[in-house]
Amino acid sequence: MIAVYLLLLLSAAGIIFFALTGHKDDIGTLNTRINGVSLLITIWLAITVFNQGTILSGGKAFLIDSFNVYLIVLTAFVGFTTSLFSAPYMAHEKEIGKLTDKRLKLYYSMYQGFMLAMYLVLTTNNMGIMWVSMEGATLATVLLVSLYRTPESIEAAWKYFILCGVGIAQALFGTILLYYAASQIGDSGNALLWSVLHEHATQLNPDILEIAFVFLLIGYGTKIGLVPLHNWLPDAHSEGPTPMSAVLSGLLLNDALYAVVRNKMLVDGATQTHIAGYLMMGFGLVSFLVAALFLHRQKDIKRLFSYSSIEHMGLMTFAFGMGGALATFAALLHMTVHSLVKSAIFVTVGHAAQITGTQKMSQIRGLIKTQPKVGWGLLIGTVAIAGFPPFGVFTSEFLVLLATMHSYPWLTPLLLLGIGIAFAGLFRHIQPMVFGEKPEGQNAIKANLIPVMVHLGFALWLGLAIPSFLSDWFSQATQLISGSAL
Amino acid sequence: MNIESQDFYTQAILSMSALVGLTSFLMLGQGRLLRLIFVFAVQGLLLTLTTSLAAYSLDNPHLYISAVLTFALKVVFIPWMLHKQVLAMNMHRDVEALKNNTAVMLSGASLMVFSYYVLQPIIHTSSMIMLNALAVSLSVVLLGLMLMISHRQAVAHVVGFMSIENGLFFAAIVATNGMPMVVELGVAFDVLVAAILFGIFFLHIRTSIDSLDVDLMNKLHEVDK
C-alpha cells in the first residue's frame, strides 16, 4: 500500500521544500511536476483498488474504497491542472508587483499543505484524523485568502478563519459523541475507525448518533457552504488568488461533503430511519434556492461563481440526503462534473480579471473580441455549469430530478424553479461580459487555457457517454453508500 | 442522584465541570480584556487538573501527555500571546461597554438549560454524571459562541474560539477518557497553529484598520450595495 504513503510524503516534502525555495523563478513548473507525479500515484492507486477491491492498510489507518478512490484521483487531477494555470498566473502577479518573494514562498508551500490535508481527509480511516485534516485545510488556506493584504482580503480571511474554525468545532463535538457511542460497545482503541464503526453500526446507540449527526452536519456543513452557514465562502473565494478559488471550489467543498456522507452512512446504520437524510435534504434544498436567488444580486465575478458553487453543493447535499441508488449515483456524478467545470471557470475568470484588471462585472466587457479563447472559455463554462446538454452537469441534474420525481414528486417544481433562476442569474451577467463592446486599450495576455479545455472536454465526455470503468466505479460507490444497486 | 454516595473520582469530575461552567459565565460578562484572558487561563488550568485527575484515577498514562499539552497551550502560550497583544495595543485600560449585559447573561443561562435538554436522550444509555459532564461541555461551547457574538474585540473572539476548544476537550476527557492519542496530538497541533495564525492576523488587522475592533471590518457584504 505504498502509493498512499508516497502520495502523502510527496505533499509533505513539498511544503518544506517550497517554504525554502518558493520565490525562485521557475518554481511554478516544479509545483506542477509535483502535482503531476501525485496524479500518477493516485492513478496507480486507483488501478490497484480497481483490481483488488477495498484496501485497508497501515494498521487500518488508511481506507481506500470505491467511494473515496475516485475522489482522490479527482483531487489530484484538479490540483494538477490548477497548478498548470497557477504557474504563469502567479508569475504575472509577481511581475505587476502584487506579490513579494516571501508571499510566493507561503503560497507554494501552502498549496502543497492544502493538497496534503485534502489527501488525508480522503484516505484516512480514522474519523478523528479526518476532523484534524479538515481543520488543517482551513489553516493552510487562511493565509492564502489574505495573500494580497488588502483590507478586504484581511476581512475575508478573518471571517473564513473564525466561521470555519467555530463551525468545524461543532463537528469535533459530533465526533466525540460518535466516539462515546462507539466506546459503549467496547474496543475503545479502534472506536474511531470508520471501517470498524461501519461494521458495528447497528449496535451503536441511535439516540446519541442522531444528536451527533446534527453537530457533524453543522460542522462540516459550514465547510460545504450550506446556507445559512455560507457567509465565509463568497468572501474567501473572491478575495484570494484565483488558483486558490479554483481548488477551494473544486476540492474543499467536495471533501467536506464526503465527510458528511461518510458520517451519514454510520448514522443510517444505527438509526435505521431517514432522519439524517431529511436533515441533509432540508439544508441542501434551502442552500440551492437561496444561492440561486443571490446570483442575481452580485457585482463581483468571483462572488458570482462562488454562489453558484453553493447552489451546486446544495443540490448534491440534497441528492445524497434523498438516498436511494439513483440519487446517490447522480450526486457522485455531479460532484465530479461540478469540480471539473467549476475549476475550469475559475481559471478562465482569473484570465479575464488579468485582461481587464478588475473583478467588477460592470467593467469586464468584450472578452470575445479581446481574446476569443478566454471569452469562449467563459461562455462554454457557464453553459456547462448552468446545466445545458450535452455537458455532464445536465446528465447529473437530470438524474437528480428523475430521482426526486420518483421519491418526492412535490419537490420537483422547487428544483426546476431553482435551476431556472440560477440560469437567468448567470446569463444576465455573463452575456455582456463576453459579447459587450471592447473597451479602449484592452489587450490579450499570455494565457494557458489547456486546463480549461481538458476540464470542459471531460465534462462533455461525461455528458455524452460515461466510460464503463467510471460507471462501474460509481455503481460500486452507490452500492456502498445507499446499500442498493442501480 | 445523591452526590455523597458517588466515589471520589465522580465527585471530583462533577465539581470540575461546575467550575469550568462557572469560568465560562465569568468570561461572558467580562469587559476588561486582561481579566478575560486571566479567566481563560484559569479555565485552561481547570482542564489540566481534570485531565491529570482522569489520568491518575483511570490509570491512563497517555492522558498525562494531553494534560501537559493543555497546560502548555491553554495556560501558558495562548494567554501569554494575547496578553502581549493587549499591552502592545495599549488596550489594557479600556473597558468594553457590553451592550445588553443582562440579556447576554440570561441567554447564557438559557443556553445551559438548552444543553441539558438537547442531551437528555443520552440519559437512557448512561449515568446522570455523564449527562452533567456532557451538558456542561456543550454549554461551554455555546457560551464561547455567545462570547464571540457579544464582544467586539478580536482578542475576545480568540478567547471565545479557544474556550470552545476547551469545552470540546472537556467532553472528550470526561465522556470518553480522552480520544485516541494520535487524534489528540492532531487536535493540539491544530490549536497551536491556529494560535500562531491568530497572532499573525492581529498584526495584519492592526496594520489594516489600526484597531482590533472587528466591527470596523465591514467592507464585504452579502450583496453589493
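**Note on a predicted two-chain model**

1. A:Ile368 is a residue of helix α14 of chain A, which covers residues 367-370. The model under review is predicted. A:Ile368 has 17 C-beta neighbours inside 10 Å and therefore counts as partly exposed; the buried class would call for 20 or more. Leaving aside neighbours within four places in sequence, A:Ile368 is in contact with A:Gly375, A:Trp376, A:Val434 and A:Phe435. Between the C-alpha atoms of A:Ile368 and A:Leu378 there are 9.3 Å, the two residues being 10 residues apart along the chain.

2. A helix pair in chain A deserves attention next. Helix α13 (residues 325-356) and helix α19 (residues 468-482) of chain A have axes that come within 9 Å and cross at roughly 125 degrees. The crossing of the pair is right-handed. From α13(A), the residues A:Ala325, A:Thr328, A:Phe329, A:Leu332 and A:Leu333 take part; from α19(A), their counterparts are A:Phe474, A:Ala477, A:Thr478, A:Ile481 and A:Ser482. By class, this contact consists of seven nonpolar, three polar and no charged residues.

3. Another helix pair of chain A is formed by α3 (residues 66-95) and α4 (residues 101-123), whose axes come within 10 Å and cross at roughly 175 degrees. The angle makes α3(A) roughly antiparallel to α4(A). On the α3(A) side the contact involves A:Asn68, A:Leu71, A:Ile72, A:Thr75, A:Gly79, A:Met90 and A:Lys94, and on the α4(A) side A:Leu104, A:Tyr107, A:Met115, A:Met118, A:Tyr119, A:Leu122 and A:Thr123. The residues of this contact divide into nine nonpolar, four polar and one charged.

4. In chain B, the axes of α4(B) and α5(B) come within 8 Å and cross at roughly 145 degrees, and the crossing is right-handed. Residues of α4(B) in this contact include B:Val104, B:Ser107, B:Gly108 and B:Leu111, while those of α5(B) include B:Leu131, B:Leu134, B:Ala135 and B:Leu138. The contact has 13 nonpolar, five polar and no charged residues.

5. The two chains touch each other: 38 residues of chain B are in contact with 38 residues of chain A. On the chain B side, the elements giving two or more residues are α4 (101-119), α5 (128-150), α6 (154-176) and α7 (181-209). The largest share, 13 residues, comes from α7(B). By class, the side of chain B that touches chain A has 27 nonpolar, seven polar and four charged residues.

6. The largest nonpolar core has 251 residues, and A:Ala319 and B:Val159 touch the most other members. Helix α6 of chain A (residues 151-183) gives the most to this core, with 22 residues. For B:Val159, the contacts beyond four places in sequence are B:Met27, B:Leu36, B:Ile37, B:Phe40, B:Leu82 and B:Leu147.

7. Two cis peptide bonds in chain A should be noted by the reader. The bond from A:Val227 to A:Pro228 is cis, with omega near 5 degrees, and A:Pro228 is found in the loop between α8 (206-224) and α9 (232-239) of chain A. A cis peptide bond also joins A:Pro389 and A:Pro390, where omega is about 5 degrees. A:Pro390 belongs to the loop between α15 (372-385) and α16 (392-407) of chain A.

8. A:Gln272 is not a glycine, yet its phi is positive, at about 60 degrees; it lies in the loop between α10 (242-271) and α11 (275-294) of chain A. A:Gln272 has 10 C-beta neighbours inside 10 Å and so counts as exposed. B:Asn90, likewise a residue other than glycine, has a positive phi near 60 degrees. The loop that holds B:Asn90 runs between α3 (62-88) and α4 of chain B. With 8 C-beta neighbours inside 10 Å, B:Asn90 counts as exposed.

Methods
Residues are numbered from 1 along each chain as its sequence is written. Chains are lettered from A and ligands numbered from 1 in the order in which they are written. This is a predicted model: local features need pLDDT of at least 70, side-chain atom pairs count only at pLDDT 80 or more; totals for chains, interfaces and linings use all residues. Axes are lines fitted to C-alpha atoms, for helices over the stretch in contact, and angles run from 0 to 180 degrees between N-to-C directions. Helices (H or I, at least four residues) and strands (E, at least two) are DSSP runs, numbered from the N terminus. A crossing is left-handed if the near helix is turned anticlockwise from the far one by less than a right angle, and right-handed if clockwise. Two residues are in contact if their C-beta atoms, placed from the backbone, lie within 7 Å. Ala, Val, Leu, Ile, Met, Phe, Trp, Tyr, Cys and Pro count as nonpolar, Asp, Glu, Lys and Arg as charged, and the others, Gly among them, as polar. A nonpolar core is a set of buried Ala, Val, Leu, Ile, Met, Phe, Trp, Tyr and Cys residues joined through C-beta atoms within 7 Å. A residue is buried if 20 or more other C-beta atoms lie within 10 Å of its own, exposed if 12 or fewer, and partly exposed in between; C-beta atoms are placed from the backbone. Angles under 35 degrees count as roughly parallel, over 145 as roughly antiparallel, 65 to 115 as roughly perpendicular and the rest as oblique.
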